[in-house]
Amino acid sequence: MAVQTTMRRLAIVFATVLLVAVGSIGLGKLAFTARTPWSYNSRYFKRVALSHDLALQVDFGEPVWMRVDQTTHYRADTDEGGEDFAKLIPRGGHTVNITDPETSESHIYTVTLLHQLKCLGIIRDDYAAKRPPSLITRHCMNYLRQSILCHPNMRIEPAVNNFGSAVRGYETVCRDWTKVYEEVDRLHAM
């Protein structure tokens, strides 16, 4: 009974995190905007862990249209759903090597967007296996919570009742996240 309750809670949290993450990916300011005074060529880069300061400089181009709706993809109860989540991570993985131009030292970073998607896949895997949340799943749930709170998506979504049940299909405008994948692929090729 306790496992069923845990699984039910995990399913609710998974669905909530997935919906919020999809909105954040499409509309939130993930970790890809230029920030001042920190930048890649900054003197602060030297010998400082910059995972919280360094950001990919991605030209997102024109906004893209996206339909938020139910899908047969990314299911928690099918092997195909696991494959869908696996395909969200680029061929070269979710990390990139960035070389400091001043010192020529190479540092490994994970791209926030890809870390978030990897975490969703990990949560999905625990849910699909009907097992209690693992240590990495608990990390992922906390990491996604922090990411969502740090870059909240303030769009207003249509609701069908006072409980906030979302309308399951609507159009929105997003940043073109395929540009992030192109940049990560370029960094992998270097």
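Guide: Helices (H or I, at least four residues) and strands (E, at least two) are DSSP runs, numbered from the N terminus. Keep in mind that this is a predicted model.

Visitor: Is Glu-105 buried, partly exposed or exposed?
Guide: Buried means under 20% relative accessible area, and exposed means over 50%. Glu-105 has a relative accessible area of 38%, so Glu-105 is partly exposed.

Visitor: Which residues is Glu-105 in contact with, leaving aside its neighbours within four places in sequence?
Guide: Contact means heavy atoms within 4.5 Å. With those neighbours within four places set aside, the partners of Glu-105 are Ile-98, Thr-99 and Asp-100.

Visitor: What is the phi of Ser-104?
Guide: Most residues other than glycine have a negative phi. Ser-104 is not a glycine, yet its phi is positive, near 65°.

Visitor: Is Ser-104 buried or exposed?
Guide: The cut-off for exposed is over 50% relative accessible area. Ser-104 has 58%, so Ser-104 counts as exposed.

Visitor: Where does Tyr-74 lie?
Guide: Tyr-74 also deserves a look at its backbone: phi is positive, about 65°, although Tyr-74 is not a glycine. At 31% relative accessibility, Tyr-74 is partly exposed. Its place is the loop between β1 (64–68) and α2 (79–86).

Visitor: How many helices and strands are there in the protein chain?
Guide: Read the elements from the N terminus on: α-β-α-β-β-α-α-β-α. The totals for the protein chain are five helices and four strands.

Visitor: How are α3 and α5 oriented to each other?
Guide: Helix α3 spans residues 112–128 and helix α5 spans residues 178–189. They pack at an angle of about 105°, with axes 10 Å apart. Angles of 65 to 115 degrees count as roughly perpendicular. So α3 and α5 are roughly perpendicular.

Visitor: Which residues make the contact of α3 with α5?
Guide: By class, this contact has six nonpolar, no polar and no charged residues. From α5 come Val-180, Tyr-181 and Val-184. From α3 come Leu-113, Leu-114 and Leu-117.

Visitor: How do the residues of the contact of α3 with α4 divide by class?
Guide: Residues of α3 in this contact include His-115, Cys-119 and Asp-126. Those of α4 include Ile-136, His-139 and Ser-147. The division is nine nonpolar, six polar and one charged.

Visitor: How are α2 and α3 oriented to each other?
Guide: Their axes come within 9 Å and cross at roughly 160°. In the contact, Gly-81, Gly-82 and Phe-85 of α2 meet Leu-117, Leu-120, Gly-121 and Arg-124 of α3. Angles over 145 count as roughly antiparallel. So α2 and α3 are roughly antiparallel.

Visitor: Which element gives the largest share of the largest nonpolar core?
Guide: This core has 24 residues, and Val-96, Val-111, Leu-117, Val-180 and Val-184 touch the most other members. The largest share is six residues, and it comes from α3.

Visitor: How far apart in space are Pro-90 and His-188, C-alpha to C-alpha?
Guide: Pro-90 is found in the loop between α2 and β2, and at 8% relative accessibility it is buried. Pro-90 touches Leu-114, Tyr-181, Val-184, Asp-185 and His-188, not counting residues up to four places away in sequence. Pro-90 and His-188 are 98 residues apart in sequence, and their C-alpha distance is 9.4 Å.

Conventions:
Residues numbered from 1 in each chain as written. Predicted model: local features only at pLDDT ≥ 70, side-chain atom pairs only at ≥ 80, totals over all residues. Heavy atoms only, no water. Axes fitted to C-alpha atoms, helices over the stretch in contact; angles between N-to-C directions. Parallel < 35°, antiparallel > 145°, perpendicular 65-115°, else oblique. Nonpolar A, V, L, I, M, F, W, Y, C, P; charged D, E, K, R; others polar. Core = buried A, V, L, I, M, F, W, Y, C linked by side-chain atoms within 4.5 Å. Buried < 20%, exposed > 50% of the residue type's maximum accessible area, 1.4 Å probe, protein only.
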